[in-house]
Amino acid sequence: MKFSTKAIHVGQEPDEQTGAVTVPLYQTSTYAQEEIGKHKGWEYARTQNPTRSRWEQCLTSMEGGVASFAFASGMAAIDATLRLLSSGDHVLMAEDMYGGTFRLAERVLSRFGLTFSYIDMRDVGNVESSVLPNTRMIFTETPTNPMMSISDIGAISEIARKAGAFSVVDNTFASPYLQRPLELGADVVVHSATKYLGGHSDLVHGIVATRHHHIADQLKFLQNAAGAVPGPFECWLCLRSAKTLHVRMDRHSENALRIAAWLEQHPGVIKVYYPGLHSHPQHELAKQQMNGFGGMISIDLGSMERAVEVTKKLKIFCLAESLGGAESLVCHPVTMTHGSVPLEQRLRLGITDGLIRLSVGIEDIDDLITDLAEAL
Ligand SMILES: *Cc1c(COP(=O)(O)O)cnc(C)c1O
């Protein structure tokens, strides 16, 4: 079965009892048991919910793994993944990760005996030489937020395998339609499903998938033991969204490529970061491991004043955090999403005061370009 057929049908077979074509929403906390020790496999809704299981099945098939686990948010999914580790373990992380992942690592998990190094993962040699004897996880994000840098999933997974460490990829920006890390060798993939998987800016949700049964067993245990599970309605909305993921991602990518090329020619724009452009230093790698370049673009406008002016003038692009919805959004990483990244690190990465990040939606391309042209 090809991707779009899986996205529409796996886990989404018509309801056996009624024939309902969409998966029922099982809004329940518990399940009646026939007699002590005898039940239908459903006991308590933190542990199992049928709507959630169907969505997990669907995501597993889209990512090409053996199992998936849904969580209340992307951060809860990332937290559960890091809890595969124990005190004393070391984690290699990409230095330009999502700010919230950095905050979780530095301000929370480091208090429990995990240590972290933040490195430039664009350079595979750098990843290899940064592995310590106690490195148990290599956690990367590609493309990164907001600098759109790309890391080589296959090569990094191989380094992790040799080191006896888990390789984890935050696949939020690409979605499983554009990039499937498990097929490229990663052990675990995490998503903020709040973004493209949800796709309509109407939910907060996270999910983890793996291609190993032993990791799946641990994740299942963690999902139930720590209990950061989503409600069934979010799972139901994700099932609804999965059906259009491929169509949405194609349009996001098409619109973003047109806009990035247009911005690159604009005299008011100092720099455009988009992996689909030939000028992107890792364009070739992006082409190899992705089936399209997605809807995220960052641009440097040169100063805070200019960023304020342009974002104020935009009419269709709405100033808001988050990304991945049908509607176009714009954000200012320094004051919005990346406030928790230390100044020195931010500047080294290129997250300047003049940087704005566009989440290109699936509106009409001419309207989007007109909006940008007028604001610039
Ligand atoms: C938004 C985001 C997260 C966090 O997910 P939430 O659903 O907001 O908890 C993690 N990683 C990336 C790349 C993100 O964009």
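Let's start with one residue. Phe233 is partly exposed, with a relative accessible area of 39%. On that scale, buried means under 20% relative accessible area, exposed means over 50%, and partly exposed is in between, using a 1.4 Å probe and protein chains only.

A word on the source. This is a predicted model: local features need pLDDT of at least 70, side-chain atom pairs count only at pLDDT 80 or more, and totals for chains, interfaces and linings use all residues. Residues are numbered from 1 along each chain as its sequence is written, and side-chain values use heavy atoms, with hydrogens and water left out.

Back to Phe233. Both Phe233 and Trp236 lie in helix H9, residues 232-242. They sit three residues apart, about one turn of the helix. Helices here are DSSP runs of H or I with at least four residues, strands are runs of E with at least two, and numbering goes from the N terminus.

Next, the aromatic pairs. The structure holds six of them. One is formed by Phe116 and Tyr118, which are stacked, with 6.4 Å centre to centre and 15° between the planes. Phe233 and Trp236 have ring centres 5.9 Å apart and planes at 15°, so that pair is stacked too. The rule covers rings of Phe, Tyr and Trp, the last by its six-membered ring: centres must lie within 6.5 Å, planes under 30 degrees apart count as stacked, over 60 as edge-to-face, and the rest as tilted. Is Phe116 buried or exposed? Phe116 is buried, at 12% relative accessible area. Tyr118 counts as partly exposed, at 21%. Ring pairs also bring in Phe102, so Phe102, Phe116 and Tyr118 make a cluster.

Seven strands form an open sheet in the order S1-S7-S6-S5-S4-S2-S3, and the pairing is mixed. Two strands pair if DSSP finds at least two bridges between them. Which strands are at the edges? They are S1 (67-71) and S3 (115-119), and each pairs on one side only. Neighbouring strands are turned by 20° against each other on average, direction ignored.

Look at S1. Five bridges join S1 to S7, residues 206-210, and the two run antiparallel. Phe69 stands opposite Val208 in S7. S1 is mostly covered, with five of its five residues buried. In a regular strand the side chains alternate between the two faces of the sheet. Both faces of S1 are covered: Ala67, Phe69 and Phe71 on one side, Ser68 and Ala70 on the other, all buried.

On to the helices. H3, residues 74-82, packs on the sheet. H3 touches S1, S2 (90-94), S3, S4 (135-141), S5 (166-170), S6 (188-192) and S7. Contact means heavy atoms within 4.5 Å. The direction of H3 makes about 155° with that of S6. Axes are lines fitted to C-alpha atoms, for helices over the stretch in contact, and angles run from 0 to 180 degrees between N-to-C directions. Eight of the nine residues of H3 are buried. Among them are Gly74, Ile78, Asp79 and Leu82.

Ser73 caps the N-terminal end of H3. A side-chain oxygen of Ser73 lies 3.4 Å from the backbone nitrogen of Met75.

H4, residues 99-108, lies across S2 and S3, at about 145° to S3. Its buried residues include Gly99, Phe102 and Leu104. The buried residues of H4 pack against H3, S2, S3 and helix H13 (343-349).

Then the other sheet. Five strands form an open sheet in the order S8-S9-S12-S11-S10, again with mixed pairing. S8 (271-273) and S10 (318-319) stand at the edges with a single partner strand each, so one side of each has no neighbour in the sheet. Three bridges join S8 to S9, residues 296-300, running antiparallel. Val272 has Ile299 in S9 as its bridge partner.

Last stop, Glu374. Glu374 is in helix H14, residues 365-375. Glu374 is exposed, with a relative accessible area of 56%. The C-alpha atoms of Glu374 and Ala226 are separated by 49 Å, and the two residues are 148 apart along the chain.

Note on methods
Polar contact = N/O pair within 3.5 Å; in protein donor to acceptor, adjacent residues only side chain to side chain.
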